[in-house]
Amino acid sequence: MERKEYVEVIAYFDTIGKLKPLKIRLNDGSSHVIDKVYEVRNCADLKLGGIGVRYLVSINNTKMYLYLQDGKWYMHVQYV
Amino acid sequence: MRYILHSDLNNFYASVECLYRPEIRNSAVLVVGDEEKRHGIVLAKNYIAKRFGVQTGDTIWQAKQKCTCPVVCVPADFEKYLKISRVVKNIYKEYTNFVESFGIDEAWLDISKIVNSFEEAERLANEIRVRVINEVGLTVSIGVSFNKVFAKLASDMKKPNAVTVITTNNFKEKVWPLPVRDLLFVGRRTGDKLERYNIKTIGDLANCKSELLNTLLGKNGLMIHKFANGLDNEPVRSIYQVDEIKSIGNSSTLPYDLTKEDEVLAIVSSLADSVVARMRKKNLYASSICLWIKDNTLNSCDHQKTLSVPTNNSKQIIDTCMQIFHETYTWDYPVRAVGVRVSHLSGEPKQYDLFCDPKTLFKDCNMDKVANELKKRYGHNVLYRASTLAKNLQSVKVEDERHQIHPISYIR
């Protein structure tokens with residue numbers, strides 16, 4: 001099963017207002033630097049609900065999705 | 001040649017609810033009004049509920065009885081629907097400036113400037129369809145045709161998530177065999193009338209003599225005759241086009257039936273206050289005041305009065321409404337719903353009534369201004385009329401224009 005885990009994000013805004021997430025902090029307190037943002041697109045989260053922007057990022061050489069929905073950032077996490 | 005798209009979001013309210021709560025996607029989903037406020041009917045349903053024969057307008061218990069599977073009732077959240085509707089319409093606007101909304105979930109797009117054939121138009125329609133699924137997670141049915149009426153008809157032909165094309169060459173085969181009631185502007189009454197003359201399909205209507213339709217239905221008859229023949233040339237409105245406001249109104253179904261006149265006065269006052277706030281925002285004055293009353297047998301009637309001088313003063317509007325109420329309502333049944341509407345709108349009157357007392361008039365106007373300013377700054381609920389407090393009617397929420405989601409008229 002998957003659920004949304006809301007995360008803290010440090011982001012960079014350029015002069016035209018475009019934002020780029022730089023670092024995330026998970027609920028367990030660990031921080032991770034985002035190495036690269038591969039793709040940014042408006043997207044519906046069909047799995048866990050809602051619409052927003054989906055960032056395909058790489059953290060520690062692993063590609064993953066980071067979602068921005070209604071001003072809040074989250075990731076999909078597995079749970080049992 | 002014009003290329004018009006009509007796009008229709010499938011089961012819009014229910015689909016949005018499923019989008020935000022994927023776990024309910026496999027149940028029968030009913031979007032319902034507030035039962036406590038006596039709005040307890042089905043406003044929208046998903047395909048699963050539709051399969052059990054649930055219809056929009058069914059009461060909640062009726063709908064639940066029809067479904068033999070788990071049913072999820074979700075209260076309507078119009079703010080959310082408006083937000084999603086805006087996101088979808090922004091996608092449309094990336095293609096053309098000619099986007100005309102028809103209610104919250106439908107829109108026409110004129111793409112004549114960017115495509116040159118029906119094949120290209122179909123390709124573009126599919127691109128939009130796929131984008132709406134990916135970006136918003138909703139399915140959309142798109143009709144492609146050479147006029148607005150046929151485009152709308154086409155979007156209804158295949159659902160959900162499909163594109164249907166009606167061209168100048170195939171409209172006789174595709175459109176004419178359809179029942180005449182499927183045509184825009186052929187409602188229950190017109191349909192009955194036409195069927196009495198054995199006009200059953202859109203083809204029958206198209207081949208009918210226009211003189212007969214003129215005698216039967218007047219100018220509307222001529223209009224639907226043109227529609228059936230594919231001669232509708234109504235343009236798709238540009239997003240920059242601002243329509244002139246013809247009337248402003250608010251109505252409310254009450255949590256309990258009213259049996260006394262002072263209760264009606266309390267409700268009329270709240271409705272008039274909200275109407276006046278909207279008039280002031282647009283700097284409009286009205287010379288026609290209309291009161292609409294529905295009794296608890298669901299019979300409704302409206303009556304109006306014309307003023308000699310246009311006004312935007314709430315006291316005058318309330319007094320006029322109550323005068324109408326006195327003169328027309330006989331209290332055969334208790335009152336279930338009340339509406340106040342003003343029309344014949346104009347700018348500030350240049351000449352006031354010779355016999356009115358200007359001091360009182362300006363006092364009243366200033367009071368409205370102060371009340372409006374307070375509400376604007378601190379929210380709608382900061383100020384109540386004392387009459388609503390006495391009757392415990394302040395909970396009756398008077399919606400403002402953000403909640404306008406009904407389709408606007410096709411003919412303007």
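Modeller: Domain bounds here come from an automatic or database domain assignment, and for chain B that assignment gives domain 1 (1–166), domain 2 (176–242) and domain 3 (247–403). This is a predicted model, in which local features need pLDDT of at least 70 and side-chain atom pairs count only at pLDDT 80 or more, while totals for chains, interfaces and linings use all residues. Residues are numbered from 1 along each chain as its sequence is written, and chains are lettered from A and ligands numbered from 1 in the order in which they are written.

Biologist: What makes α10(B) oblique to α11(B)?

Modeller: The axes of helix α10 (residues 210–217) and helix α11 (residues 219–228) of chain B come within 6 Å and cross at roughly 135°. Angles under 35 degrees count as roughly parallel, over 145 as roughly antiparallel, 65 to 115 as roughly perpendicular and the rest as oblique, and therefore α10(B) is oblique to α11(B).

Biologist: Which residues of α10(B) and α11(B) make the contact?

Modeller: With contact meaning C-beta atoms, placed from the backbone, within 7 Å, α10(B) contributes S210(B), L213(B), N214(B), L216(B) and L217(B), and α11(B) contributes N220(B), G221(B), L222(B) and H225(B).

Biologist: How far apart do the C-alpha centres of domain 1 and domain 2 of chain B lie?

Modeller: Those centres lie 24 Å apart, and the contact takes 16 residues from domain 1 of chain B and twelve residues from domain 2 of chain B.

Definitions and conventions
Axes are lines fitted to C-alpha atoms, for helices over the stretch in contact, and angles run from 0 to 180 degrees between N-to-C directions. Helices (H or I, at least four residues) and strands (E, at least two) are DSSP runs, numbered from the N terminus. Two residues are in contact if their C-beta atoms, placed from the backbone, lie within 7 Å.
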